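Please look over the sequence and the structure first, then read the points below.

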Amino acid sequence: MRADLVPDDLWERVEPLLPPAPERRRRHSGRLRIPDRAALAGILYVLRTGVAWRDVPAQAVGCSGITAWRRLRDWTEAGVWPRLHTTLLTELRRAELLDLDDCAVDGSHVRALKGGAHVGPSPVDRARPGSKHHVIVDRHGTPLAVTLTGGNRHDVTQLLPLLDAIPPIRGLRGRPRRRPQRLFADRGYDFDKYRRLLWKRGIKPMIARRGVAHGSGLGKVRWVAERTFAWLHQFKRLRTRYERRADLHQSLLDLACSIICLRRLRTAF
């Protein structure tokens, strides 16, 4: 296995979260189980390069593509990826690298080539099947939560689900943080109903209004969400949705968010 595929600092955080391996049978035990680190290398290879699972170079990675896919499925069902993301967010807050007072939301279309759940006709791609990534980030663009919907879902419908998807972020004394003080969004979220719902949650809506000339100044804070999408789509497997199972594509999104959080930790130390 190539050591650079799974950095030590990433493996140190993933390994404690993995479910225990099943016990081998004493008789007819079959082939040895592929090590979990090699399987994670296969998952990361697909995430970064975008190749099909069957095209993973087993000799270079240390694991076949189908084994990596099965391990992704098993770890998804065990809830590994959201816990990894929460762990890294906690570390960032402990290091005072999260600014949860000001957050921003945005959505991005991706084409879905194989259908499946959370797929719909995309209004920006001639009604071709597509999905949407929705993200909420802190002041620095650190992804706090990401969700997946059909390509025909309006961005504003994911405003509250995104807020609910933010995990309790510990790391400092006192109660865990789960909500921002101010939420920035573009004109796609300009609905008074959702402004009232945000006020009820104690969040000040900073949403651009339709029909108003540019120059409000909100873009000085809101642009970090667009940059986060650029970071996410550096992972080629996320530029186009190939997984029919929505939970597996969501897992790849969560893993990419965790890697972005880890990169921010690295730059600070």
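**Briefing on the model**

The lining of the second largest pocket has, by class, five nonpolar, no polar and six charged residues. Here Ala, Val, Leu, Ile, Met, Phe, Trp, Tyr, Cys and Pro count as nonpolar, Asp, Glu, Lys and Arg as charged, and the others, Gly among them, as polar. The model is predicted: local features need pLDDT of at least 70, side-chain atom pairs count only at pLDDT 80 or more, and totals for chains, interfaces and linings use all residues. Residues are numbered from 1 along each chain as its sequence is written, and side-chain values use heavy atoms, with hydrogens and water left out.

**Confidence**

- The mean pLDDT (the predictor's confidence in each residue, from 0 to 100) of the protein is 90, and 92% of its residues reach 70 or more.
- Helix H5 (residues 80-94) has the highest confidence, at 97, and helix H8 (residues 219-232) the lowest, at a mean of 88.
- Helices (H or I, at least four residues) and strands (E, at least two) are DSSP runs, numbered from the N terminus.

**The second largest pocket**

- A pocket is an open set of points on a 1 Å grid over the protein atoms alone, where a 1.4 Å probe fits, with protein on both sides within 12 Å along at least five of seven lines; lining residues have an atom within 4 Å of a point.
- The volume of this pocket is about 200 Å³, taken as the space filled by probe spheres set on the points, which are joined across faces, edges and corners.
- Among its lining residues are Trp53, Trp69, Lys114, Tyr242 and Glu243.

**Strands E3 and E4**

- Strand E3 (residues 129-137) and E4 run antiparallel and are joined by seven bridges; two strands pair if DSSP finds at least two bridges between them.
- His133 has Leu148 in E4 as its bridge partner.
- Five residues lie between E3 and E4 in their hairpin, and Gly141 in the turn has a positive phi of about 90 degrees.
- In strand E4 (residues 143-150), eight of its eight residues are buried (under 20% relative accessible area; exposed is over 50%, partly exposed in between; 1.4 Å probe, protein chains only).

**Two residues**

- Val119 lies in the loop between strand E1 (102-112) and strand E2 (120-121), and counts as partly exposed because its relative accessibility is 26%.
- Beyond its neighbours within four places in sequence, Val119 is in contact (heavy atoms within 4.5 Å) with residues including Pro129, Gly150 and Arg241.
- Arg71, in helix H4 (residues 65-77), is buried, with a relative accessible area of 6%.
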